[in-house]
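Student: I am new to this structure. Could you take me through part of it?

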Amino acid sequence: MSVAEAKAESVGTVMVAGAANLAIALAKLVAGLISGSAAMLSEAAHSVADTTTEVLLYLALRRGARPADVRHPFGYGKESYVWAFLAALFTFVAGAGFAITHGVTTILVHEHSGQYRVAYIVLVVSFVIETASLARAARQVRREARRWRTTPRRFLRHTPDTTVKAVFLEDCAALIGIVLAGIGVALSQLTGDELYDGLGSIAIGVLLLVVAVVLAKANISLLVGRSIPERLRHEVEQELAGLPAVDRVDTLLTMQLGPEDILVAAKVDFHNDVTGADIENAADEAERRLTDRYPEIDRVRLPRPFGESR
């Protein structure tokens with residue numbers, strides 16, 4: 001899969017998730033109002049937060065993909081992490097905040113009015129739709145993991161594409177949230193005690209809180225300037241050390257400039273008998289090797305003879 005194809009697939013995954021969450025949010029809101037269930041209303045807030053998150057992630061993909069210019073010579077890749085961080089923040093405030101607050105209120109007030117049946121119907125339909133959205137995100141995660149020659153779990157831990165990570169984690173959280181809401185509603189119906197409905201709402205809020213914190217930490221790390229994974233860094237170092245003119249690699253610095261944009265800068269020692277032309281050829285060869293093997297590496301910086309620049 002090429003870099004362009006990976007970007008297009010990320011946009012498609014975000015759009016599918018956003019459409020699914022919007023439809024589910026409306027259904028859950030209606031069901032929550034009719035059933036009077038705190039857990040259902042919290043799930044509605046959950047889906048509204050997810051829908052808004054998808055909009056912000058779409059902006060992240062679009063604005064982060066803009067080409068470099070004079071004012072931003074390294075491109076706009078890091079802007080995608082700003083929007084993705086805002087998406088995580090919105091999940092924290094709107095989703096988790098509402099769910100926990102509403103759950104506590106339900107426990108304190110202990111009142112319920114409405115029908116349970118509509119809540120169950122919407123939960124089942126929502127589960128089916130969310131499963132379809134998660135299946136698409138999971139397929140992309142597996143394909144991307146194969147492209148990077150790693151496991152899906154490690155890919156999710158280290159991927160700089162936080163939009164894919166956000167969609168996958170939010171879809172997983174959505175399915176778990178639906179189960180928690182169903183358990184809370186069922187226990188309240190069986191016992192006649194709204195305590196369980198309120199606890200279900202609080203559990204959904206805590207779940208959203210965990211997802212928001214995980215995504216926020218990942219985006220902050222990338223905004224500060226995170227290096228590439230150690231395995232990939234080791235492979236890049238081996239490629240540079242394998243150049244005929246290079247004696248050893250003293251220092252290797254890497255930075256993730258965007259989801260599909262990597263900067264490589266190295267300080268290398270050349271053999272004593274190499275000429276200035278040899279050094280320049282080695283620098284060109286290093287860039288060719290690395291960009292051919294890793295299309296995500298967009299910039300390679302090695303020492304060049306005095307007066308030469310690229």
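**The sheet and its helices**

Tutor: An open sheet of three strands has the order β1-β2-β3, with mixed pairing. Strands are DSSP runs of E, at least two residues, and helices are runs of H or I, at least four, numbered from the N terminus; two strands pair if DSSP finds at least two bridges between them. This is a predicted model, where local features need pLDDT of at least 70 and side-chain atom pairs pLDDT 80 or more, while totals for chains, interfaces and linings use all residues. Residues are numbered from 1 along each chain as its sequence is written, and side-chain values use heavy atoms, leaving out hydrogens and water.

Student: Which strands stand at the edges?

Tutor: β1 (246-258) and β3 (297-301) do; each has a single partner strand, so one side of each lacks a neighbour in the sheet.

Student: How many bridges join β1 to β2?

Tutor: There are 10, and β1 runs antiparallel to β2 (residues 261-270). Val249 stands opposite Val268 in β2.

Student: Now to helix α8: which of its residues are buried?

Tutor: Leu232, Glu235, Val236, Glu239 and Leu240 are buried, meaning under 20% relative accessible area with a 1.4 Å probe, protein chains only. Seen down the axis of α8, the buried residues fall within an arc of 140 degrees, so they line one face of the helix. That arc is taken from the directions from the helix axis to the C-beta atoms.

Student: What do they pack against?

Tutor: The buried residues of α8 pack against β1, β2, α9 and β3, where contact means heavy atoms within 4.5 Å.

How values were computed. Buried < 20%, exposed > 50% of the residue type's maximum accessible area, 1.4 Å probe, protein only.
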